[in-house]
Amino acid sequence: IIILAMLLTTIAISAQTVKNQSVNLEILGLQYNYEMPLSKATTVVFHGGLGGSLGYSSSSLSFYDEVIYEDDKWFYSLSGVIGADFRYYYNLAKRERNGKDTRKNSADFWAVDLQYVSPAIYEHNMHTKNTFMASPYWGLRRVYKNNWLFEFHLGLAFGSVGGEFDWGPTFNLKVGYSF
């Protein structure tokens, strides 16, 4: 129903999404993206490459003022990632009317990302498994005149991690080059 509503709202929009390709350096990874228009305000982005996870854990056990146990460690991994995002650029027409740059889909959007993450190629202090995720999120994309791009995403991730359901917040920051 949500996807149908997004498609119907694009009928009266004069701005138009465009096809583009990019290579993005993410916080912990490198991915190739191919964005294909579906309507004036919707696209699908196919992506693949390497993605990483990073975390820090600290714990201690004290009895009165004596520390009995203390541990802290960093953990990280690097995995293969493949997926597709469905995006709805809700302010593309408004940005165009206000004279703001909309080239290569520079606008804010709502999206749903479906992706598969492989077990880790490299890991430290953690054990990764096959992961299938669905992530609804809000994001913004800006492509500057020299084709450098910036994307920011914030949302929730739901999925199967090694056969067990899990969920949590998702955050991503991408800097890349758009062809």
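How many salt bridges does a search of the whole structure find? The search finds six salt bridges, a salt bridge being a side-chain nitrogen of Lys or Arg within 4 Å of a carboxyl oxygen of Asp or Glu. This is a predicted model, in which local features need pLDDT of at least 70 and side-chain atom pairs count only at pLDDT 80 or more, while totals for chains, interfaces and linings use all residues. Residues are numbered from 1 along each chain as its sequence is written, and side-chain values use heavy atoms, with hydrogens and water left out.

**Figure 1. The protein chain holds two helices and eight strands.** Along the sequence these elements follow the pattern α-β-β-β-β-α-β-β-β-β. Helices (H or I, at least four residues) and strands (E, at least two) are DSSP runs, numbered from the N terminus. Of the 179 residues in the chain, 39% are buried; buried means under 20% relative accessible area, exposed over 50%, and partly exposed in between (1.4 Å probe, protein chains only). Contacts are heavy atoms within 4.5 Å. Among the contacts with a separation of 6 or more, 57% are between residues 24 or more positions apart.

**Figure 2. Asp-85, Arg-87, Arg-141 and Glu-151 are linked in a network of salt bridges.** Glu-151 pairs with Arg-87, their closest N and O atoms being 2.9 Å apart. This pair links strand β7, which holds Glu-151, to strand β4, which holds Arg-87, across 64 residues. Glu-151 is buried at 2% relative accessibility, and Arg-87 is buried at 2%. Glu-151 also meets Arg-141 in a salt bridge of 2.5 Å, N to O. Arg-141 lies in strand β6 (residues 131-143) and Glu-151 in strand β7, so this pair ties together parts that are ten residues apart in sequence. Both Glu-151 and Arg-141 are buried.

**Figure 3. Lys-174 and Glu-26 form a salt bridge.** The closest N and O atoms are 3.9 Å apart. Lys-174 is in strand β8 and Glu-26 in strand β1 (residues 20-26), 148 residues apart, and the pair links distant parts of the chain. Lys-174 is buried, with a relative accessible area of 5%. Glu-26 is buried as well, with 11%.

**Figure 4. The structure holds eleven aromatic pairs, one of which joins Tyr-90 and Trp-110.** Rings of Phe, Tyr and Trp (its six-membered ring) pair if their centres lie within 6.5 Å; planes under 30 degrees apart count as stacked, over 60 as edge-to-face and the rest as tilted. The ring centres of Tyr-90 and Trp-110 are 6.4 Å apart and the planes are at 35°, so the pair is tilted. Tyr-90 lies in the loop between β4 (66-88) and α2 (92-97), and Trp-110 in strand β5 (residues 107-124), so the pair ties together parts that are 20 residues apart in sequence. Tyr-90 is partly exposed at 35% relative accessibility, and Trp-110 is partly exposed at 46%. In another pair, Phe-152 and Phe-171 are edge-to-face, at 5.4 Å centre to centre with 70° between the planes. Phe-152 lies in strand β7 (residues 148-161) and Phe-171 in strand β8 (residues 164-178), so this pair ties together parts that are 19 residues apart in sequence.

**Figure 5. Tyr-89, Leu-92, Ala-107, Phe-109, Ala-111 and Tyr-137 make up the largest nonpolar core.** A nonpolar core is a set of buried Ala, Val, Leu, Ile, Met, Phe, Trp, Tyr and Cys residues joined through side-chain atoms within 4.5 Å. Strand β5 gives the most to this core, with three residues. Tyr-89, Phe-109 and Tyr-137 also form one aromatic cluster.

**Figure 6. A nonpolar patch on the surface includes Leu-54, Trp-74, Ile-121 and Phe-171.** Patches are made of residues with over 30% relative accessible area and no salt bridge: like charges are joined within 9 Å, nonpolar side chains (Val, Leu, Ile, Met, Phe, Trp, Tyr) within 5 Å. The patch has about 1,200 Å² of accessible area together, by the Shrake-Rupley method with a 1.4 Å probe, where for residues only the protein chains shown count as cover. Elements that give two or more residues to the patch are β3 (42-63), β4 and β5. Leu-54, in strand β3, is exposed at 51% relative accessible area. Phe-171 is partly exposed at 48%.
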